[in-house]
Structures are given as structure tokens and as C-alpha cells.
Amino acid sequence: MSAPRDKSGRPIVVVTGLGVVTSLGAGKKDNWSKLTAGESGIRTVTRFPIDGLKTTMAGTVDFVSVDPISSTGLTERLAKMATDEALEQAAIGGKADFPGPLFLAVAPVEVEWPQRLEIGRAVGKTEFGYDDILRVSGGGKFSEFHHRFMFGSVASHLAETYGTKGSPISLSTACASGATAIQLGVEAIRRGDADAALCVATDGSVNPEALVRFSLLSALSTQNDPPQAASKPFSKNRDGFVMAEGAGAMVLESYESATARGAKILGVVAGCGELTDSFHRTRSSPDGKPIIGCKRKTLADAGLEPEQIDHINAHGTATPENDKMEYNTTAVVFGDHLPKIPVSSNKSMVGHTISAAGAVEAVFSLLTLEHQRIPPTINYDVPDPAILFDVVANKARDARVTAVMSNSFGFGGQNASLILTREPA
Amino acid sequence: MTEPKPSSAKEVWITGIGIVSSLGEGLDAHWDALNEKRVNIDDKRFAPYIVHPLAPVSFDAQIPKKGDQRQMEAWQRIGVYAAGLALDSAGVKGNTEILERMDMIVAAGGGERDIAVDLAIMNAAAKGNSSPGFLNERLMNDLRPTLFLAQLSNLLAGNIAIVHGVSGTSRTFMGEEAASIDAARIALARIESGQSDIALIGAAHNGERADLLILYEFGDFNLTEKYAPVWQRDGKGGFALGSAGCFLVMESREHAEARGAKPYARLSKVVADLAQRKQPGAVTKSLETLWPKLGALPDNGNLITGATGIEPITSEEKAFLRQHPGYAVRATGTMFGHTLETQFPLGLALAALSISRGALFPPNDPTGLEVEKPDAPTQIVVMGAGHWQGEGMALVEAIK
């Protein structure tokens with residue numbers, strides 16, 4: 001008996017475990033009920049002083065804290081929460097013995113301000129330079145800072161905790177990272193390199209410098225009051241994205257291996273696509289060709305026609321540029337079929353979880369398929385007349401959903417799309 | 001992940017190499033420097049720390065627009081430059097048809113911080129300035145708006161796309177030394193399986209950074225006071241950071257032959273591991289496990305290692321090498337310093353270069369661990385054990 005294959009003759013990749021954490025809560029149940037109720041997780045930042053900031057709200061995960069405080073530490077904690085949930089559902093492998101590789105989307109890491117100021121205090125002077133800092137940095141007093149602020153540290157700890165196999169891969173494709181992590185897992189299974197893959201995307205990096213960096217690039221919404229109304233995808237009065245934290249985890253398996261062990265199949269990653277934009281560091285090519293090409297590659301990879309997509313989980317950041325480009329390119333790809341596709345942006349409620357977004361939104365897309373209900377785009381009160389999507393406005397909508405396209409676009413010309421379906425084609 | 005390759009696996013060739021480092025730029029300059037056993041160190045600028053500074057480079061040659069250069073930090077300029085050299089060397093520079101479907105995996109860290117801004121804030125904080133908005137206000141007022149883009153890990157790939165037009169797919173792996181081992185491993189697997197025809201992989205590192213010295217000083221990894229070749233750093237050991245960029249063009253044999261590309265060598269295998277280093281000897285054991293995965297190897301081969309010089313990892317590597325006494329070993333850290341993500345691609349590049357030039361470059365090691373090997377190499381093992389985690393090996397072979 002030959003193994004079941006997709007239209008291109010490759011192993012079919014299915015999902016057998018899902019986990020998610022956002023500012024709305026921990027776990028699928030909590031997230032799904034709040035998401036479909038149209039609740040916002042965006043609030044005024046209380047983790048650190050907001051004096052002097054232009055943007056003072058974010059989708060912080062405030063119900064989780066780590067000690068010592070660091071964004072990298074929180075990032076790791078969120079990843080573990082999502083992974084625990086996904087592994088419990090998948091019931092795969094033994095304890096600390098996941099039978100496949102780890103692909104982790106994670107924000108770039110660097111020494112953070114609380115630690116930097118701690119080193120500064122250790123110098124013991126009020127006028128000092130880098131030489132003085134170097135003199136107090138060695139000798140083992142701060143050795144944990146080295147490990148904490150290595151780029152591979154989060155993946156290293158996850159690999160050890162869950163016993164994933166081989167060298168764990170930490171990756172960044174900016175705001176498309178979560179989708180890329182899933183894509184790498186899909187490719188490994190399709191090659192036959194692995195029967196299962198753990199794909200995790202995580203971001204706990206709402207800190208003063210991160211907010212300032214995006215602020216200085218004029219990327220963030222400054223509609224601070226009320227915070228829950230700040231993220232306005234597809235609205236005429238949208239003014240930027242809202243930074244947020246969260247994590248998504250997915251256990252991917254070959255259909256053959258999942259059915260052989262009697263695992264419940266939650267959905268299928270039918271297609272992945274990626275196409276780089278070489279136009280500008282932060283802006284899309286005005287003709288939209290790379291994004292259009294990315295979506296078409298994804299459809300081709302899934303072996304689906306545009307007419308077979310019945311929901312789009314949009315990147316929908318609520319920046320003036322992104323939403324316009326996303327509409328224009330989607331209109332080209334889907335043509336006359338576009339009005340029949342309900343479109344929604346989870347970011348209206350959970351904000352932009354940056355490195356985690358692609359996976360968080362893939363989890364929500366699979367929950368959409370499961371519940372046959374599309375979460376709303378909230379704060380959609382003043383539609384942008386130039387964006388003619390059928391936006392799922394303000395209230396969740398029941399719908400027949402068989403195939404979802406989830407899109408992610410990031411700084412550095414990163415475009416990645418996924419197509420998720422309920423059943424193997 | 002350790003199964004033998006299916007018989008349908010495509011042969012993968014290295015058809016382009018770009019190197020820029022403390023020894024110069026390009027293949028001829030590096031070949032000459034290695035044969036002259038040249039080492040370029042600066043022990044004054046960051047004294048008592050030693051670095052291998054980037055040789056003078058005219059970035060205009062690969063990054064013609066000054067505006068592009070201004071948008072990048074040094075690590076990105078080094079990388080974009082080396083990537084351009086690799087594309088030139090593969091004969092695909094400006095070939096839009098190929099570049100638009102070329103896959104790219106970059107192994108990256110991040111860019112340099114604005115040291116002056118950091119220091120001013122740290123000093124003000126030490127003077128007791130701790131009003132709630134102090135840090136926010138200083139960062140809002142003092143950080144250059146575009147600095148973030150010069151620091152972001154995936155923006156090295158982004159800049160390569162913008163400057164050279166490499167725009168098929170773009171992935172950035174992070175995680176120090178292991179990131180580039182995995183970049184080579186995944187690119188090879190994708191081409192072998194037909195998921196990709198041609199790929200650009202590589203990394204860049206600016207070793208002349210005070211903020212990096214501090215990061216590695218936390219773990220007491222920096223070499224201080226006196227330079228010594230890697231195998232001669234007895235006692236506590238240490239690495240001297242090096243500046244370098246190295247990129248490779250890899251493609252399927254069919255793809256290379258169809259466009260008449262001349263190969264340097266074949267990349268036959270890349271394997272990687274994550275040893276749990278809490279146990280002494282874990283690195284030796286990991287390397288022992290990886291070795292047979294390269295296939296049947298002769299007793300008297302060649303091996304290029306990215307050995308860091310730090311302890312006890314370098315001693316654990318030596319313990320592994322002692323099991324293969326017939327091997328001619330070369331440590332790139334002696335000549336190039338430690339270039340983190342760039343060290344493994346550099347090993348692959350020098351292996352391919354040595355094979356294409358019909359000679360392994362001479363030893364540069366007063367301890368005698370490295371020995372002369374006059375015959376033309378047909379196989380070179382490339383090895384890497386990261387300074388804190390990640391082990392890997394590759395096999396580079398002459399084309400049959």
C-alpha cells in the first residue's frame with residue numbers, strides 16, 4: 001500500500017496539535033471564545049513607564065511574568081505554554097521525546113536595558129566608558145547574561161525541554177516568521193526527512209526600546225485612547241499597527257504517520273509559498289508583484305484554484321500601506337471571486353504579535369475551520385472606500401469554510417502565505 | 001534525519017564563492033594569504049582584546065549606491081559585499097531570470113548598537129537620573145530612526161535582495177555558529193530533493209564591536225593580551241573576534257550544467273547536532289556521532305575546522321581529532337579569528353577552493369597538530385563546534 005500523497009505526489013502534511021497564547025489569554029478555548037466575541041486584548045502598558053512614548057498601548061501578555069525580567073525570558077515562557085498545549089493535544093512521542101525537529105520563529109535577541117543598567121551600576125562610577133564596562137563584565141558574575149542573550153537560547157531550551165531531534169532552527173523573517181517556521185516543517189516532512197515537526201513562533205518583546213524603534217519608523221498606531229480601539233484594519237482612520245505578544249505552536253505530521261498512530265487530524269497545511277520583494281527595506285513594490293506572486297505560488301503549491309479559497313485570514317496590520325497593498329494584490333489574485341471571500345484580521349483584537357503572528361493566525365485559521373465561524377475584524381466603523389474586501393465587520397460570522405489562506409508580510413521584503421484546509425484533498 | 005539519501009537525491013555543486021575578511025577580498029587574495037600564512041590582527045584598538053579587523057574594502061564595487069551603504073551597519077555591508085562576490089563568481093550577477101527564483105538562507109546575528117547613546121543613558125542612570133520617562137525620552141530623542149533596520153537580523157537578506165536582486169525566497173536563521181551549519185544543511189536538503197534548484201547561503205560578522213566584546217566577556221570567551229594560533233591557546237583559551245563575510249552559491253548539477261557553470265566542488269553532506277554540553281566530553285561524543293554520517297571516509301583525509309580556541313571545547317575537539325591521526329587539519333580561527341555565523345561557510349568555501357586549486361593550504365600551527373599534506377585533496381571534511389552550542393560537519397568533494 002502506498003502512502004497517501006497530495007496532488008504533487010508529496011506526503012500530505014497534517015496538524016495534530018495546536019497551542020496558542022495571546023493578550024486575550026492562554027489556550028485555544030479562552031482565545032477562541034474572546035476572539036469570536038470581538039474582545040480586544042490591547043491595553044495601556046503597565047509593565048514599564050510610558051512617559052515620553054508616542055504609543056502607550058500594546059497587546060502585552062500581562063498574566064504571565066518571568067523573573068528575572070527580560071523579553072527573551074518571556075518569549076521563551078510563552079513558547080513553552082503554547083508548545084505544552086499543542087503537545088498535550090497531539091499526544092505524540094514520550095515525555096521530553098518529541099520525534100522530530102524544532103523550527104522556532106523568534107525575535108532577534110540582544111542584551112536588554114534592565115541588564116545593561118545592572119552592568120552600568122556594577123562599574124561603581126558615575127563617569128565611565130566601554131572599557132570600564134568590559135572590566136566588570138567577565139569573571140562569571142554575569143555569565144547567565146551570555147546564555148540568555150544568545151540568539152539560539154530560546155530554541156536551545158525548548159529542544160532540551162521537549163527532546164526534539166537534531167539541531168533546532170531559530171529563524172526570523174520579521175513579521176512573516178511564524179509562517180516560515182510552519183513552512184520549514186512542511187518542507188521537512190515532504191522531503192521525508194521527518195515524520196513529525198514541532199513548529200513554534202513566539203514573541204514577548206514589548207519593551208521600551210522595541211516600542212521606540214517601531215515608533216521612530218512611524219509604524220505604530222498612536223490612537224492610545226481607548227487602547228482597545230487602536231487597531232483598525234481596513235478602516236479609513238487606521239494609523240498603524242499595535243505591538244503585541246503571543247505564541248503559536250503546531251505539531252505537524254505526515255498524514256501517514258498521524259493515521260498510523262490514530263491521531264486526531266485537526267487540519268491540513270495544504271500549501272506554502274514565499275516570494276521576496278527587493279523593492280525597499282520597509283515598503284512593498286508599488287506594483288505588488290512579489291505579494292501577488294507569493295499568493296499564486298501558494299495556491300499552486302496547494303493545487304487549488306482561487307475559487308476554492310473561501311476565507312482569507314489577512315495580515316491586516318492596520319498600517320495605511322499594508323492594508324492598501326494587501327487589498328490591491330488580493331484583488332488581482334482572486335479577481336471576480338474576491339467579493340465572495342470573507343476577510344478578517346485577528347490583529348484588530350490581539351494586535352501584531354510580530355514574530356509569532358504567522359503561527360498565531362494559522363492556529364486561529366484552523367480553529368475557524370473547526371468551528372465554521374470566522375472571528376470578526378473589530379473597530380471597523382469607518383470602512384476605507386478603497387478597500388473593497390468583504391470584511392467580517394465587528395461580529396463573528398458563521399460560514400462554510402473549507403480552505404483558508406493566511407498571509408504574512410514583513411520588513412526586508414518578506415512575503416509568506418499558507419493555505420490550511422479541513423481534510424486532505 | 002539520519003536516513004541514507006534516496007537514490008533520486010540530486011548532486012549539489014558549489015558554483016560560487018565570495019569571501020571578504022581580515023585577509024582581503026576574493027579568492028586569489030585569500031589563496032595567497034593562506035599560502036603566505038598571513039594573519040592580520042589588531043591588538044590596540046580594543047586592548048587588551050584582540051580582533052582580526054576587516055581588510056580595506058571598497059564597498060562601492062558591490063554596493064554602488066551610497067544610499068544603500070548608508071542604510072546598513074558594517075555587518076550588513078560586509079555580507080552584501082561577500083554575497084555580490086559569490087554571485088559574480090557563479091556568473092549569475094545581474095541574471096534576473098535566475099536571481100528571481102534563487103533561494104537564500106542567511107545565518108545572521110544582529111547589528112551594532114549605538115554605543116554613544118547606550119553609554120550616555122548608562123552614565124546618566126549611574127548619576128541617579130531615574131525619572132519614569134527617562135529611558136523612553138532618551139531613546140525617542142537619540143536613536144536614529146533607521147538604525148533598527150541596520151540591526152534587524154533578517155535585513156542582511158533584505159539588503160542582498162535590494163542590492164543584488166536575489167528574490168526567490170529569503171530565510172534568516174539565527175543562533176550563532178549553528179545557524180550557518182543549518183543554513184547549509186537545509187539548502188542542501190532542499191536542492192537534493194528538488195524543492196530548490198539554486199541557493200545562496202552564507203553569513204557576515206563584524207568582529208570590531210565593543211558591544212560584542214561585552215557579550216562574550218560575560219562568558220569569559222575573549223582572547224586577551226597576546227595572540228596565539230588556535231591550537232596554542234593553552235590554559236583558559238579564548239577567541240579573537242574576526243570580521244568576515246562569506247557566501248556560497250549552491251545548485252543542482254543539472255542546473256549548473258544547463259547554464260554551463262563551472263563548479264569548484266561538490267557539497268555531499270551536511271550534518272548537525274545539539275550536544276547537551278553539561279556533561280564533560282559531550283562535544284567529543286557529538287563529533288564521533290556525526291563522523292560516520294558523512295559516509296565511508298579514508299584514514300588519511302583533510303579536515304578544516306572552525307575551532308574557536310575556547311576551553312574546554314577546543315580540547316574536546318582535539319580529543320576527537322586524535323582519533324583520526326591520518327588527517328591533515330586546518331583551523332580557520334588562527335587566520336580569520338572567530339567569525340561566529342560566518343565560520344562554517346568560510347570552512348566550506350576554503351574546502352571548495354582547496355579542491356579547485358588542487359592543494360590544501362599549508363598548516364599554520366607551531367604545535368604540530370596541523371601537518372603538511374602535499375597531494376591534491378579530493379575530499380575535505382568541514383567541522384564546527386560552536387562556542388556555546390551546536391556541532392556540525394560537512395563533506396566537500398571533488399566532482400567526479
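How do strand β6 of chain A and β5(B) pair, in the parallel or the antiparallel sense? They pair in the antiparallel sense, over three bridges. Two strands count as paired if DSSP finds at least two bridges between them. This is a predicted model, in which local features need pLDDT of at least 70, side-chain atom pairs count only at pLDDT 80 or more, and totals for chains, interfaces and linings use all residues. Residues are numbered from 1 along each chain as its sequence is written, while chains are lettered from A and ligands numbered from 1 in the order in which they are written.

**Chain B as a whole**

- Chain B has 15 helices and 13 strands. Helices (H or I, at least four residues) and strands (E, at least two) are DSSP runs, numbered from the N terminus.
- Its radius of gyration is 21 Å, close to the 21 Å from the globule rule for 400 residues, so chain B is as compact as a globular protein of that length. The radius is taken over C-alpha atoms, and the rule is 2.2 Å times the number of residues to the power 0.38.
- Of the 400 residues in chain B, 60% are buried. Buried means 20 or more other C-beta atoms within 10 Å of the residue's own; exposed means 12 or fewer, and partly exposed lies in between, with C-beta atoms placed from the backbone.

**Where the chains meet**

- On chain B, 64 residues are in contact with 69 residues of chain A. Contact means that the C-beta atoms, placed from the backbone, lie within 7 Å.
- α5(B) gives the largest share of the side of chain B that touches chain A, with seven residues.
- That side holds 32 nonpolar, 22 polar and 10 charged residues. Ala, Val, Leu, Ile, Met, Phe, Trp, Tyr, Cys and Pro count as nonpolar, Asp, Glu, Lys and Arg as charged, and the others, Gly among them, as polar.
- In β5(B), B:M174 is the bridge partner of A:S170.

**Helix α10 of chain B**

- This helix spans residues 210–217, and seven of its eight residues are buried.
- Among the buried ones are B:L212, B:L213 and B:Y216.
- The buried residues of α10(B) pack against α4 and α5 of chain A, together with α5 and β7 of chain B.

**A glycine in chain A**

- A:G410 lies in strand β15, residues 403–410.
- A:G410 is buried, with 27 other C-beta atoms within 10 Å.
- A:G410 and A:R283 are 127 residues apart in sequence, but 9.1 Å apart in space, C-alpha to C-alpha.

Terms used: Contact = placed C-beta atoms within 7 Å.
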